[in-house]
Amino acid sequence: MLKTLVCNWKMNGNLEYCAKIKSIFADENYKELYNVIICPPYTLLHQFEKSAFSLGSQDCSAENEHRYTGEIDVEMLKEMSVTHVIVGHSERRRCLEEKEERLIRKLSVVLEAGLIPIVCVRRVAEDREYIKDVYNAFMSFAMTKRTTDMLIYIAYEPESSIGSGIPDTLYSIGENCCRIREIFKNDGRVKVLYGGSVNSENIDDINQLCDGVLLGKASINYDEFSKILRANLNCESSQIEVLKTYLHQD
Ligand code: PGA
């Protein structure tokens, strides 16, 4: 099954890096492994308007009114061919003090616009109520619109693993992803990702436990990113098999 690879460039990237990245995608083999979503800074979105991969935004405005200086509207993102939006990355929650209530509003704006949200959450122990609110917002949208062909990504990202070089343990990744699925009542429209210090060495094992990963650093390092696109998803790790059985995942 295709795994999702969300590439969050944060405040990185320039024209030169965009050109290099496009050259990596000239090799079509990755399409058998990954559904790639590149999330560059706003200033570089136009570099990828017609690309082999999907385009994501790192954020958007929670408001529909056009009087918020510096904010970016979902309709503007759609004009740039954006299809996905990251909602509430923990750096925004921690450093920019974005609160859950505002993030739920943002999620609704994204869904209303017909874009696919990638909602970042911390450990279930810390964020259980927020994850439930995300679930309720998603379900109430689905019910009002009576739409079945929608999708939401939930990216499990423990704060201590983001940018630290220390990924969460496989056990904890498996457990948290499983708990998130439970909160979403195993709805097939929900894809659960893991993010936090994923690299070319650990990605195959992690991918066995979830629907894909969210990459930070590794997506803005050309050599590392090329290695990841060539990674082998068929690794047979007995440790993973045991874990999967324990967590009852398929
Ligand atoms: P990292 O970032 O891969 O550099 O740890 C992950 C993230 O942005 O969530």
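A salt bridge is a side-chain nitrogen of Lys or Arg within 4 Å of a carboxyl oxygen of Asp or Glu. The legends below concern a predicted model, in which local features need pLDDT of at least 70, side-chain atom pairs count only at pLDDT 80 or more, and totals for chains, interfaces and linings use all residues. Residues are numbered from 1 along each chain as its sequence is written, and side-chain values use heavy atoms, with hydrogens and water left out.

**View 1. The salt bridge between Asp211 and Arg181.** The closest N and O atoms of this pair are 3.3 Å apart. Because Asp211 sits in the loop between α7 (203-207) and β8 (212-215) while Arg181 belongs to helix α6, the pair ties together parts that are 30 residues apart in sequence. Helices (H or I, at least four residues) and strands (E, at least two) are DSSP runs, numbered from the N terminus. Asp211 has 11% relative accessibility and counts as buried. Buried means under 20% relative accessible area, exposed over 50%, and partly exposed in between (1.4 Å probe, protein chains only).

**View 2. The salt bridge between Arg102 and Glu63.** The N to O distance here is 3.4 Å. Arg102 is in helix α4 (residues 100-112) and Glu63 in the loop between β3 (54-57) and α2 (74-79), 39 residues apart. Arg102 is partly exposed at 26% relative accessibility, whereas Glu63 is buried at 15%.

**View 3. The salt bridge between Arg122 and Glu159.** The closest N and O atoms are 4.0 Å apart. Arg122 lies in the loop between β5 (116-121) and α5 (124-145), and Glu159 in the loop between β6 (152-156) and α6 (170-183), 37 residues away. Arg122 is buried, with 19% relative accessibility; Glu159 is partly exposed, with 26%.

View 4. Of the 13 residues around the ligand (a heavy atom within 4 Å), Lys10, His89, Glu157, Gly163 and Ser197 come nearest. An N or O atom in the side chain of Lys10 is 2.9 Å from an oxygen atom of the ligand. A polar side-chain atom of Asn8 lies 3.5 Å from a ligand oxygen atom, and a backbone N or O atom of Ser197 lies 2.8 Å from one. The protein covers 98% of the 280 Å² of accessible area that the ligand has on its own (Shrake-Rupley method, 1.4 Å probe).

Terms used: A polar contact is a pair of N or O atoms within 3.5 Å; within protein, one must be able to donate a hydrogen and the other to accept it, and residues adjacent in sequence count only if both atoms are side-chain atoms.
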